[in-house]
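I opened a new structure today and kept notes as I went. The entries follow in the order of my look-ups.

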Amino acid sequence: MAFDLTVNGTVHSVDADAQTPLLWVIRDHVGLTGTKFSCGIGQCGACTVHVDGRATRSCSVPAATAIGKRILTIEGVSPDGSHPIQIAWKEFDTPQCGYCQSGMILSALALLQERPNPSDSDIDAQVTNICRCGTYHRVRQAIHLAAKLMKG
Amino acid sequence: MSQRTDSSVATAQTAGLNRREFLATVAAAQGAFVLGFWVPSKAEAQTLPGAAWYEDSATREINAWIVISPDDTVTVRIAQTELGQGVWTSNAMMVCEELQCDWTKVRPQYASANRDAREMAPEWTLKVPGNGATDPKGGGEPTFANRDRTGVQGIPDSLYRRMRTNAASSVKDGRYYLQLAGAEARERLLLAAAAQWKVPVAELTARDSVIRHASSGRTTTYGQIAPLAAGTPHPHPETITIKPPDQWTLMGTEQKNLDVPLKVTGKTVYGIDVRLPGMKWAAVRSCPVYGGDVKSYDFEVIRRLPGVRSVVQFPIPDPALTRGRIFSGGVAVIADTWYQARTAVDRLPIEWKIPPEHAAFNTANMRESLLSALDRPGTVRADQGDVGAAFSRAARIVEATYSTPYLPRARMEPGNATVLVTGDRVDIWIGDQSPQETRFSAAKITGIPEQNVYLHLCHLGGGFGRNGNGPQAEQAIMIANAQRGTPIHLLWSREEDFVGTTYRAMGEARLKAALDADGWPVALEVRTAMQEGGFGPDASFNLTSRYHVPNYRYSNHTTKFHVPVGTRRGIGQAAHEFYRESFMDELAHAAGKDPYLYRRELIARTNLPYKNDMIKALDMAAEMSGWGTPLPKGTARAIALEERGAETNGMATISAMVHTVSVSPEGKVRLKRVDVAHETGFGLVNPLSVKKQIEGQIVWFYNDAMHQVNTIAEGRIVENNFNRFPISRIDEDPPEINIRFFPTGHWLIGMGHDRATSVQSAIGDAIFQITGKRYRDLPFAQHDLRWA
């Protein structure tokens, strides 16, 4: 049952059950492992990707729902870390173990694309990813810096 | 796939290898080539500016820690595992401080656990110059017990000695020989240059990877001279000394973590990301009641599901390989993808053999059992003065009983390991906090000697205690051993991870103090109860009470439960700090005294080493927080001291924190601000990583205080995913964290696991100050915190 998925601007022909969660199609069929599995029930956000610009917990949606839509993963934000949000993340040395950070960055990026000047309460409301290392303090500062860099 | 993206290239290339090539490549991957061949493609390796992520295998090493390529890239081999604590950077800093190389060209790499099984440590690394912990010129002795092949304490004379990453000790235990490794290499580079130029070595200087001869103006680079240095032994390595803190130039500066660029681009290779040609996935289901095993299962039900290959039953892992802990037996479904395997194992009918006495456990009867253990005599660990007599003449007696629940690590990356067993070797790809132990397990399970076990170490998506102290490696080895020739990637579901982890033991503590007429304690009796093996009795209360009391008695009381307990971040100390510091607040309130000044006075009265540092920490944190200045209604401050080690050895780690907390009339708790005064000891290696550790542990212990609990019903863990086991998000992070360091004159133990334990008692005391209600059992979110 082959179907096409557009990931980071590239069309991939995927041979999988289209009901497979988008996360596993991205990791095991498209071969991009930057998107992470952690809870499998849409709670933690480690699997966050963008589907048509919306932050989506890819462990909890079938790949079929993303057919014909634009999927963005961490690998597509910029492969060399040059996107302003990645620069901001590096500036604060934000990650610790780093496992949640792909999803965290994509959640924050969706927020910034919707609200270029997010308040702290916007961040609280929309960046609901879990980080077990507790990097939240630097994540918040990095989001504010990214907002500035993305304008400039 | 019709088109390939960059990141799929590595996979596609390896998939093109035939079996013979694959094994040959894996064989070539032994030793230094630790990250293995499947990572990263050349393009990915360029994420860090400069040269390849891994070394050019043609380059000869200077010593077992250091390889210098012709382009001056310095590869530093790290024997600890990076799990977010910054060890890849701090350990590399210790080497490079002495090497005096260009820090921008440093690339960390995992040390080889296989080579560690084959080689002994060079003689010169075994002798620490200086005189131990109290000497700033010395290193502080690493803690090794007897030669222990399981690696529990490290192996004192194996090449990399302690490959374990635990006990907040990577910096403390690694520093002296990592500095020594850097110094030995620097001296040999200088000797090689001196020989080449035929000048006395004393006339040469080394800085930023350049060697200069001032009088002739000649220069060379480390990359140019390295081949010669690699063949130049040092005539007297035992005379090499390491730099004391006052000579550090790199250590002690804030350095961003070297692997962060990989972590913001999704390129870090964690164990879960390993892909091998011909690899199959395993999803497991082990008996949810610890100590249970498989009675029967019906493979026919799932045999025809997509991708399913086989089912492997595995026994209860040998407790000798899991440090006496009893996990469960179970089954693994092997399939082409993990999602197929997981879907199939979910549908596999399994009947369990469950020990009825284990199924009879539940939180209520376990709690009851601990409370009654408190009333039994227990093991007396300290008995100073005459506690009984002091109580008989007390002006006032205060007594409180505190409770803490079972708590897991719940690291973000679920347990996983990829294992290939062939006729005469085992290859394991894993993020592992204790590769020497895993190597030992692999040899025991397969019968293949440790010298033929190859660990390809990966970063860990959180650790917090040997990535769970759980048997993911042992399970994967057992499964792969039954499928020899096929690489098996075992991955636990989140629910399975809650079964496969070990827990911090649930605990009870009864503290009873006799106060004199002025409110000062004249006697303290502490009883703590945990299950056997619970990492509590020796955690914190022990030889002294920390705060001065002339008559002190401490006993611990154990009972037997079936839940495997292990070294969760902070071990029993975090629970003990909640008991002790909460009780200090209660005593101060009973005495009508300020909890900061009450603590201060009771530290001042002790004979503890470093008591002035403790007072300094309290003073500084209080001052930073504006202690005593008015706060709005519904907001309160609480203070606590964090100290580890001063009672028992020559090292300590000391901090004090003030937490400003609000509770809304509706009962919503907000940690608004944390003021942290932390000592530096003789020197922090990477103060940036220390700050990040403190910030992270504020979140960690906030969660312990507010939200987290694992309960037991019918012998099983009830909360087994993040819907029922809540973890705070960014909206609960304190908006203000202020961290200040102050210099002290001793070596630190470490930062990794027992900072910010004060969040627990502080929130409890703030709730008391605001609502008038004192809760003594965690987590607080389970209580009615409303007030008006």
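I take helices and strands as DSSP runs, numbered from the N terminus: helices are H or I with at least four residues, strands are E with at least two. With that settled, I placed Glu450(B) in the loop between helix 13 (435–446) and strand 17 (453–457) of chain B.

Some ground rules come next. This is a predicted model, in which local features need pLDDT of at least 70 and side-chain atom pairs count only at pLDDT 80 or more, while totals for chains, interfaces and linings use all residues. Residues are numbered from 1 along each chain as its sequence is written, and chains are lettered from A and ligands numbered from 1 in the order in which they are written.

**Entry: Glu450(B)**

I asked how exposed Glu450(B) is. My scale counts other C-beta atoms, placed from the backbone, within 10 Å of a residue's own: 20 or more is buried, 12 or fewer is exposed, and in between is partly exposed. Glu450(B) has 19 such neighbours, so it counts as partly exposed. I call two residues in contact if their C-beta atoms, placed from the backbone, lie within 7 Å. Leaving out residues up to four places away in sequence, Glu450(B) touches Ala117(B), Arg439(B), Phe440(B) and Ala443(B). I also checked the spacing to Arg439(B): eleven residues in sequence, and 6.1 Å from C-alpha to C-alpha.

**Entry: chain B overall**

I counted 20 helices and 27 strands in chain B. Of its 788 residues, 58% are buried. I then took the contacts in chain B between residues at least 6 apart in sequence, and 78% of them join residues at least 24 apart.

The domain bounds come from an automatic or database domain assignment. For chain B I noted domain 1 (8–254), domain 2 (271–356 + 415–491) and domain 3 (363–407 + 504–782).

I sorted residues by class: Ala, Val, Leu, Ile, Met, Phe, Trp, Tyr, Cys and Pro are nonpolar, Asp, Glu, Lys and Arg are charged, and the others, Gly among them, are polar.

**Entry: where the chains meet**

I stayed with helix 19 of chain B. Of its 20 residues, 18 are buried, so helix 19 of chain B is largely enclosed by the rest of the structure.

**Entry: chain A**

Chain A has domain 1 (2–77) and domain 2 (84–151). Their centres, taken over C-alpha atoms, are 21 Å apart. I found 15 residues of domain 1 of chain A in contact with 15 of domain 2 of chain A. Strand 3 (48–51), strand 4 (54–57) and helix 2 (74–77) of chain A each supply at least two residues of the domain 1 side. Strand 3 of chain A has the largest share, three residues.

**Entry: other helices of chain B**

I looked up residues where helix 6 of chain B meets helix 7 of chain B. Arg188(B), Leu189(B), Ala192(B), Ala193(B) and Gln196(B) in helix 6 meet Tyr222(B), Ile225(B), Ala226(B), Leu228(B) and Ala229(B) in helix 7. These divide into eight nonpolar, one polar and one charged. In helix 14 (residues 472–481) of chain B, nine of ten residues are buried.

The peptide bond from Leu778(B) to Pro779(B) is cis, with omega near 0 degrees. Pro779(B) is in the segment after helix 20 (758–771) of chain B. Arg323(B) is not a glycine, yet has a positive phi of about 50 degrees. I found Arg323(B) in the loop between strand 10 (308–314) and strand 11 (330–335) of chain B.
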